Amino acid sequence: MPHASFPQSLSSLSATLARKGHCVGGGSSLVPQVPASASRRHFKNAVHVLEKLGLTPRQAEVLHWIAEGKTNEEISQILECSFHTVKNHVKEIFQRLGVSSRTAAAACAYRAHINTLSDAAPANNRI
């Protein structure tokens, strides 16, 4: 049985969590019900992990939002910078990661987070 693609897996997971009451609707995406401070802490941790890929802090932020499925226009609004600045960051991210698509960049971000989780797990619990 083939594995679902990464975006389909996330959509399926979000739908399951929503049905179980773990998330609330927010536009076209689902937002976990967590305190704002925990959400900010999670974002900072995510960006820190992405910096380990050789990205600047701002590039790591852009990659985070790419992995969340945001467009360049949406990222420019979130980060309060110009569309062209985001476009330049995306170009540089692709070069640094050696990828040629947003999907491949998001996959690098996903792998970086998985590797961080497995590095933090006790040796007897690693997959």
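The model is a predicted one, so local features are kept at pLDDT of at least 70 and side-chain atom pairs at pLDDT 80 or more, while totals for chains, interfaces and linings use all residues. Residues are numbered from 1 along each chain as its sequence is written, and side-chain values rest on heavy atoms, with hydrogens and water left out.

Starting with the overall layout, the protein chain holds six helices and two strands. Here helices (H or I, at least four residues) and strands (E, at least two) are DSSP runs, numbered from the N terminus. Along the sequence, the pattern reads α-β-β-α-α-α-α-α. The chain has 127 residues, and 24% of them count as buried; buried stands for under 20% relative accessible area, exposed for over 50%, and partly exposed for anything in between (1.4 Å probe, protein chains only). The accessible surface comes to about 8,800 Å², and carbon and sulfur atoms hold 56% of that. These areas come from the Shrake-Rupley method with a 1.4 Å probe, and for residues only the protein chains shown count as cover. As for contacts (heavy atoms within 4.5 Å), those between residues at least 6 apart in sequence include 39% that join residues at least 24 apart.

On to the inside. The largest nonpolar core has 21 residues, and Val62, Leu63, Ile75 and Leu97 touch the most other members. Helix 2 (36-51), helix 3, helix 4, helix 5 and helix 6 (102-120) each give two or more residues to this core. A nonpolar core is a set of buried Ala, Val, Leu, Ile, Met, Phe, Trp, Tyr and Cys residues joined through side-chain atoms within 4.5 Å. Leaving aside residues up to four places away in sequence, Ile75 touches Val62, Trp65, Ile66, Lys70, Val86 and Arg102.

Val86, His89, Val90, Ile93, Phe94 and Leu97 are its buried residues. They sit on the same side of helix 5 because they cover an arc of only 140 degrees around the axis, the arc being that of the directions from the helix axis to the C-beta atoms. On the face turned away from this buried side are the exposed residues His84, Asn88, Lys91 and Gln95. After helix 5 comes Gly98, with a positive phi near 70 degrees.

Glu80 isn't a glycine, yet it has a positive phi of about 55 degrees. It is exposed, at 75% relative accessible area.

That leaves the salt bridges, of which the structure holds two; each is a side-chain nitrogen of Lys or Arg within 4 Å of a carboxyl oxygen of Asp or Glu. In one, Arg58 pairs with Glu61, with the closest N and O atoms 3.0 Å apart. Both lie in helix 3 (residues 57-67), three residues apart, or about one turn. Arg58 is partly exposed at 31% relative accessibility, whereas Glu61 is buried at 19%. In the other, the side chains of Glu92 and Arg96 meet at 2.9 Å, N to O. Glu92 and Arg96 are four residues apart in helix 5, so about one helical turn separates them. Glu92 is partly exposed at 27%, and Arg96 is partly exposed at 40%.
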